[in-house]
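Subject: Structure handover

Hello,

Here is the structure I said I would pass on. My notes follow below it.

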Amino acid sequence: MATPRRRVVILGGAGFIGSHLCDHFLAQGSVVVCVDNYLTGAARNIAHLLGRPDFEHIETDISEGLAVEGDVDAVLHFASPASPADYRRFPIETLRAGSLGTFNALALSQAKNARFVLASTSEVYGDPQVHPQAEAYWGNVNPVGPRSCYDEAKRFAEALTWSYARQHQLSTCIIRIFNTFGPRMRAGDGRVIPNFIDQALSDRPLTIAGDGTQTRSFCYVDDLVDGVSKATAADIAGPVNLGNPVEHTVRELADLVRAQIVSDAAIAYYPLPQDDPQIRCPDISRARRQLGWSPAVTLAEGLRRTIEWTLTAEDSVQRESQQVPSSGRH
């Protein structure tokens with residue numbers, strides 16, 4: 001008798017990271033159930049998967065309920081707005097995804113006796129006073145600031161995940177994701193790399209908050225997905241940081257993007273938003289030790305791949321628009 005294929009439910013599966021996870025687990029031979037309500041996800045991210053017998057798609061808001069028939073081996077909770085522009089536009093929806101959505105996701109995992117993986121964030125460290133940030137650090141978060149809807153939603157989701165693990169002996173893992181980038185990020189996403197690429201390609205000034213000396217650590221999406229996959233398969237509860245520990249200033253990033261695109265776009269500065277972190281760098285000792293994971297793609301190489309994808313995607317959109325019949329209106 002053939003061994004049943006593993007079945008993985010990916011919440012937020014049409015999002016940037018979620019869609020890459022769908023690709024990854026399908027390539028591993030799993031059956032994937034993608035759940036998304038398209039608040040910030042995009043149908044085009046999973047269009048190439050529709051029609052496959054090993055890919056299922058459910059359009060629903062997990063904060064309103066979550067039902068998946070059949071056996072499930074793992075539930076990966078990536079359903080939430082993740083960029084500042086998105087969660088500032090949808091603060092209530094962000095809090096609902098982190099609270100009610102996490103309740104429903106954990107209830108599904110409990111009912112199916114499935115491994116649960118929570119996508120948390122480096123934002124739980126806030127504007128950190130410890131550097132680099134290790135998982136034992138409790139953070140420096142403003143609970144009523146403009147970023148609080150996202151920060152506190154994830155902090156609550158972590159507490160809820162730990163409570164389910166303790167009270168119901170559920171197999172859970174919390175991963176804290178640091179600035180991930182790559183193909184399928186929207187041009188208007190609001191995060192710094194897609195912003196800089198979009199601005200440089202259109203010869204507009206690259207806009208930097210503050211003086212550009214604040215630091216970030218950028219992890220290419222393929223590395224992040226590999227870490228999530230290892231965390232899903234491992235017997236660890238976390239939390240565990242997943243990110244690239246190589247730190248860059250925002251000004252350095254702007255110069256890298258301009259150099260790769262060969263752009264003379266200017267740099268424009270604007271005031272630093274409230275509670276914007278001054279430093280951000282993961283301590284990934286736990287990921288190295290417990291998962292055997294560390295990132296392999298450099299920032300320069302990741303930017304090259306992302307810019308190449310962006311140019312290809314723009315060409316595709318232009319070709320599609322040229323094929324649409326005119327309505328006769330101007």
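Is alanine 47 buried, partly exposed or exposed? Alanine 47 counts as partly exposed, because its relative accessibility is 45%, and the range for that class lies between 20% and 50%. Alanine 47 sits in the loop between β2 (31-36) and β3 (55-59). Its C-alpha atom is separated by 41 Å from that of histidine 131, a residue 84 positions away along the chain. Please keep in mind throughout that this is a predicted model.

Overall build

The protein has 330 residues, and its radius of gyration is 20 Å. A compact globule with that number of residues would come out near 20 Å, so the two agree. Taken along the principal axes, the box filled by the C-alpha atoms is roughly 60 × 55 × 35 Å. The secondary structure consists of 10 helices and 13 strands.

Of the 330 residues, 51% are buried. Among contacts with a separation of 6 or more, 80% are between residues 24 or more positions apart. The accessible surface is about 15,000 Å², and carbon and sulfur atoms account for 51% of that surface. As for charge, there are 31 positive and 38 negative side chains. The centres of these two sets lie 2 Å apart.

Aromatic pairs

A search of the whole structure gives 5 aromatic pairs. One of them is formed by phenylalanine 103 and phenylalanine 156, with the ring centres 6.2 Å apart and 55° between the planes. Phenylalanine 103 belongs to helix α4 (residues 100-112) and phenylalanine 156 to helix α5 (residues 148-168), so that the pair links parts of the chain 53 residues apart. Phenylalanine 103 is partly exposed, with a relative accessible area of 36%. Phenylalanine 156 is also partly exposed, and its relative accessible area is 36%.

Another pair joins phenylalanine 181 and tyrosine 220. Here the centres are 5.6 Å apart and the planes are at 70°, which is edge-to-face.

Backbone points to check

Which residues are joined by cis peptide bonds? Histidine 131 and proline 132 are joined by one, with omega at about -5°. Proline 132 is found in the loop between β5 (115-121) and α5. The peptide bond from glycine 238 to proline 239 is cis too, and its omega is near 0°. Proline 239 lies in the loop between α7 (221-233) and β11 (240-242).

Positive phi values in residues other than glycine also turned up. Tyrosine 38 has phi near 65°. Tyrosine 38 is in the loop between β2 and β3, the loop where alanine 47 is also found. At 22% relative accessibility, tyrosine 38 counts as partly exposed.

For valine 262, phi is near 60°, again a positive value in a residue other than glycine. Valine 262 is in the loop between α8 and β13 (267-270). With a relative accessible area of 72%, valine 262 is exposed, because the cut-off for that class is over 50%.

Around helix α8

Aspartate 255 lies in helix α8 (residues 250-261). Aspartate 255 is partly exposed, with a relative accessible area of 31%. How far apart in space are aspartate 255 and isoleucine 267? From C-alpha to C-alpha the distance is 9.3 Å, and the two residues are 12 apart in sequence.

Regards

Conventions
Residues numbered from 1 in each chain as written. Heavy atoms only, no water. Helix = DSSP H or I, 4+ residues; strand = E, 2+ residues; numbered from the N terminus. Rg over C-alpha atoms; globule rule 2.2 N^0.38 Å. Buried < 20%, exposed > 50% of the residue type's maximum accessible area, 1.4 Å probe, protein only. Contact = heavy atoms within 4.5 Å. Areas by Shrake-Rupley, 256 points an atom, 1.4 Å probe, with all protein chains shown as cover. Lys, Arg positive; Asp, Glu negative; His and termini not counted. Charge placed at Lys NZ, Arg CZ, Asp CG, Glu CD. Phe/Tyr/Trp six-rings, centres within 6.5 Å; stacked < 30°, edge-to-face > 60°.
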